[in-house]
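Hi,

Here is the structure I promised to send over. Have a look at it first, and then read on for what I found.

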Amino acid sequence: MSGKPVVLIAEELSPATVAALGPDFEVRYCDGADREALLPAIEEADAILVRSATQVDAEAIDSAKKLKVIARAGVGLDNVDIAAATRAGVMVVNAPTSNITSAAELTVAHILASARNVASASAALKGGKWARSKYSGVELDGKTVGIVGLGRIGALVAARLLPFGVKLVAYDPFVQAGKAAQIGAQLVSLDDLLAQSDFITVHMPKTPETLGLIGEDALRKVKPNVRIINVARGGLVDEAALATAITEGRVAGAGIDVYAKEPCTDSPLFALDQVVVTPHLGASTEEAQEKAGVSVARSVRQALGGELVPDAVNIQGGIIAEDVRPGVPLAEKLGRLFTHLAGGAAQQLDVVVAGEITQHDVKVLELSALKGVFADITESPVSFVNAPYLAQERGLEVRLTTTSESPDYRNLVTVRGTLASGEIVEVSGTVSGKNQVHRIVDVNGFTVDVGLDEHTVFFRYADRPGVIGTLGRILGEAGVNIAGMQVSRNARGGEALVALTVDSKVSADLLGGITESIGASWARTADLGD
């Protein structure tokens, strides 16, 4: 046993994937398609890397008590139970851009192969038949190509088809007409696309809304000379309905790379000469596999290094600007400190971000603070992944507020919560200096300036002489060294708050003794060590 985090590779990946992981992990291998091999292997894994054959379902996730990240070396995540992973706090990452070029190129290959009957003519010739007249095709020049889904792959397909002299129309409810025009396509309704197109290629994600999008109803609205291409996700095109439409002469042909159930070796489409089929080769190029493996290997390194992977599919943080990054651990520490100060569960939590960083997306700071809030009050591990789920489960309302105005600090993060009693607890902090030191600058309205250190103690009491001396004496007699101290008061002779950073943990008995000796109305200790 090496003592290093275990990364389980459950399917064949490029050598560059292992190289990208680096030397800091113990890499193990198993056949992910074999459940009897997968389940015991995943028990000790901190991360698992898969492609499409390994089913990382709730059963597998439940048996993997150490698992922190599931990495899919590809785009689709049909084989990963994202909901179960989220509940368990396991990050799910993929490589969303790794295969877009390969998928776009295969789409064009299927369009050309279908237009020119390449597959059937090749099979006939290899079978000893010289059938030139039977396999006459059509040109792309002057034809209308309908692109259903104008995302990254759809846009690449458009760029590759324009030089063929085609007219492009597109349907995508999430794309503006101006964006489509920049790509070179006219945005139309789905019915108009079906009616106009000589070729239709589908590039939508697989969702309940898009499943069977090109089905019986759609296939009765198309030209009889249309050819249907699906290199996106199985099930977007109804295979049985498509086979019937081709057999009845309502569709001229098709190019299909993906299927509703895979592996697929028996489909009514396979018996038709007008259909070109491939076994899910969209990402099957050396370049795409290497890009996918290297991409998710880097994400695994980040995740197991305790970093937030902003493009993980089950994390809400979004892309993190460089100026925002120092605030991520600060917000998490403030969230933890808030929980210690509150001494109970909050019903509402506000994360307020002020200053220059608000010109960027700071959603991640809300997420980080929420992670900190739950870090010390749940038995199961809390991550950037399951923190929002834990909040929802406990009925905690969370709000993020931003303002560019921060008169005293360049940037300021405040975590404020309302308890069931109606009491409001808040703590603010900032990052200061070239070493980006985390500092507490406000506790419940008292201005302080102490380090956000491993061991911190707070007392609120009536302002009067001798309190600090008594406090220091008791801590000294207990062998607790004071590293830093800040006293704040709302008025002379009013209420005061003392914040101390100390070198060792203050026990509950010691805290209680000091509270009684100085007549404190409120006392808290926060131990934020790992």
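**What turned up in the model**

Let me start with a pair of helices: α5 and α7 are oblique to each other. Keep in mind throughout that this is a predicted model. Helix α5 covers residues 100–115 and helix α7 covers residues 152–161; the two pack at about 50°, with their axes 9 Å apart. The crossing is right-handed. On the α5 side the contact involves I100, T101, A103, A104, E105, T107, V108 and I111, and on the α7 side R152, I153, L156, V157, R160 and L161. Sorted by class, those residues come to 9 nonpolar, 2 polar and 3 charged.

Further along there is another helix pair, α16 (residues 467–477) and α17 (residues 508–518), whose axes come within 10 Å and cross at roughly 155°. An angle over 145 degrees counts as roughly antiparallel, so that is the label for α16 and α17. This crossing, too, is right-handed. From α16 the contact takes V467, T470, L471, I474 and L475, and from α17 it takes L510, I514, S517 and I518.

N230 sits in strand β10, which spans residues 227–230. Is N230 buried or exposed? It is buried, because its relative accessible area is 1%, and the cut-off for buried is under 20%. A polar atom of the N230 side chain lies 3.0 Å from the backbone nitrogen of A232. Leaving aside residues up to four places away in sequence, N230 touches V202, L236, V237, G255, I256, D257 and V258.

Helix α11 runs over residues 239–247, and its buried residues are E239, A241, L242, A243, A245 and I246. Those buried residues pack against α10 (216–219), β10, β11 (253–256) and β12 (275–277). Where α11 starts, a side-chain oxygen of D238 comes to within 3.2 Å of the backbone nitrogen of A240. After the helix comes G249, with a positive phi near 80°.

Now for some backbone geometry worth a look. Most residues other than glycine have a negative phi, and most peptide bonds are trans. Which peptide bond is cis? The one from E262 to P263, with omega near -5°; P263 belongs to the loop between β11 and β12.

- N117 has a phi of about 55°. N117 is in the loop between α5 and α6 (118–126), and it counts as buried at 16% relative accessibility.
- Q436 has a phi of about 50°. Q436 is in the loop between β16 (424–432) and β17 (437–443), and it counts as partly exposed at 45% relative accessibility.

Last, S406, which is in the loop between β14 (397–403) and β15 (411–419). At 18% relative accessibility, S406 counts as buried. Not counting residues up to four places away in sequence, S406 touches A354, G355 and L412. How far is the C-alpha atom of S406 from that of A271? They are separated by 70 Å, and the two residues are 135 places apart along the chain.

Cheers

Technical notes
Residues are numbered from 1 along each chain as its sequence is written. Side-chain values use heavy atoms; hydrogens and water are left out. Helices (H or I, at least four residues) and strands (E, at least two) are DSSP runs, numbered from the N terminus. Buried means under 20% relative accessible area, exposed over 50%, partly exposed in between (1.4 Å probe, protein chains only). A polar contact is a pair of N or O atoms within 3.5 Å; within protein, one must be able to donate a hydrogen and the other to accept it, and residues adjacent in sequence count only if both atoms are side-chain atoms. Contact means heavy atoms within 4.5 Å. Axes are lines fitted to C-alpha atoms, for helices over the stretch in contact, and angles run from 0 to 180 degrees between N-to-C directions. Angles under 35 degrees count as roughly parallel, over 145 as roughly antiparallel, 65 to 115 as roughly perpendicular and the rest as oblique. A crossing is left-handed if the near helix is turned anticlockwise from the far one by less than a right angle, and right-handed if clockwise. Ala, Val, Leu, Ile, Met, Phe, Trp, Tyr, Cys and Pro count as nonpolar, Asp, Glu, Lys and Arg as charged, and the others, Gly among them, as polar.
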